Amino acid sequence: MDGVNDSVVSEFVLTGLSNSWKMHLFLFWFFFVFYMGIILGNLFIVFTVIVDSHLHSPMYFLLANLSLLDLDLSSTTVPKMISDLFTNCNIISFPKCMTQIFFIHVMGGVEMVLLIAMAFDRYTAICKPLRYLTIMSSKMCVSFVVVAWIVGIIHAVSQFVFVINLPFCGPNKVDGFYCDFPWVMKLACVDTYKLEFVIIANSGFISMATFFSLIISYIFILVTVWKRSSGDLSKAFVTLSAHITVVILFFMPCMFLYVWPFPTTSLDKYLFIVDFAITPVLNPAIYTLRNKDMRIAMRRLGKRTVGSSRIS
């Protein structure tokens with residue numbers, strides 16, 4: 001990958017989140033504990049959905065895919081962050097930096113489409129219950145996932161082809177704990193003013209359009225339920241509140257960074273802790289603790305595990 005452009009920069013220095021030793025220690029344990037929670041929580045959801053036949057439905061198929069994606073997205077940055085905090089070595093090579101950027105945007109694009117698919121699933125289940133299984137067939141669910149990956153790859157490649165060919169010949173300090181387009185582009189030896197608009201038109205527009213589309217769709221669902229149930233929104237609101245929480249947590253940092261890709265403060269790098277560490281660990285809690293079917297499935301799994309251990 002080094003031979004793709006005329007760069008003389010072979011590595012970047014990640015400035016991280018703080019220079020304080022005490023803060024380094026706190027952040028190390030913070031990211032370590034949260035990453036363990038991300039791994040265990042999301043893999044537990046995937047395992048439960050696979051082994052429990054009662055969860056073999058469109059909603060939980062999409063949820064399992066979202067859990068895998070949360071784990072993948074977090075793994076693009078958090079392990080490197082933990083390693084940097086432990087070794088106090090914030091160096092990342094040029095190829096690894098470009099690879100990290102690429103996969104962050106692939107995963108981000110896939111997650112946006114998956115959240116749209118989950119919103120469509122809830123719309124169909126609540127507003128068209130009699131046709132739910134016909135519309136949300138196995139073929140439709142698999143198509144959603146395939147389309148999500150295609151969109152994610154196109155989204156990443158459409159920006160990556162511009163950045164990979166930029167010349168980097170001087171500064172190499174990235175103002176963050178991971179590599180991303182806005183921060184890396186600032187280090188290029190050419191004027192990147194036009195590329196800023198590529199970022200805004202791609203990541204910024206997609207983030208805003210998807211976010212507002214999802215919020216409007218959830219409002220539409222609530223209004224539909226309100227009209228049909230004479231003002232009783234409690235059941236629909238409980239069902240959708242978890243989805244709305246995930247959407248807000250995921251999209252707010254994205255819009256902050258990519259709609260204004262060169263902010264004057266460093267707040268953006270702290271906001272992305274939410275996307276890479278907090279949201280992926282909250283998703284399992286949100287979708288299990290607030291979901292009756294998942295709680296019942298967990299109890300069944302627990303009884304089955306205890307029963308098999310007694311037999312052995």
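Read along the sequence, the chain of this predicted model follows the pattern β-α-α-α-β-α-α-α-β-α-α-α-α-α, with 11 helices and 3 strands in the chain, where helices (H or I, at least four residues) and strands (E, at least two) are DSSP runs numbered from the N terminus. Residues are numbered from 1 along each chain as its sequence is written. As the model is predicted, local features need pLDDT of at least 70 and side-chain atom pairs count only at pLDDT 80 or more, while totals for chains, interfaces and linings use all residues.

Of the 312 residues, 48% count as buried, that is, under 20% relative accessible area with a 1.4 Å probe and protein chains only. The chain exposes about 15300 Å², of which carbon and sulfur atoms supply 70%, by the Shrake-Rupley method with a 1.4 Å probe. Among contacts (heavy atoms within 4.5 Å) between residues at least 6 apart in sequence, 80% join residues at least 24 apart.

Helix H2 (residues 58-75) packs against helix H4 (residues 94-127) at an angle of about 160°, with the axes 10 Å apart, the axes being lines fitted to C-alpha atoms over the stretch in contact and the angles running from 0 to 180 degrees between N-to-C directions. H2 is therefore roughly antiparallel to H4, a term applied to angles over 145 degrees. The residues of H2 that meet H4 include Pro58, Met59, Leu62 and Leu63, and their counterparts in H4 include Ile104, Met107, Gly108 and Val110. By class, this contact of H2 with H4 has 14 nonpolar, 2 polar and 5 charged residues, with Asp, Glu, Lys and Arg counted as charged, Ala, Val, Leu, Ile, Met, Phe, Trp, Tyr, Cys and Pro as nonpolar, and the others, Gly among them, as polar.

Notes. Heavy atoms only, no water. Parallel < 35°, antiparallel > 145°, perpendicular 65-115°, else oblique. Buried < 20%, exposed > 50% of the residue type's maximum accessible area, 1.4 Å probe, protein only.
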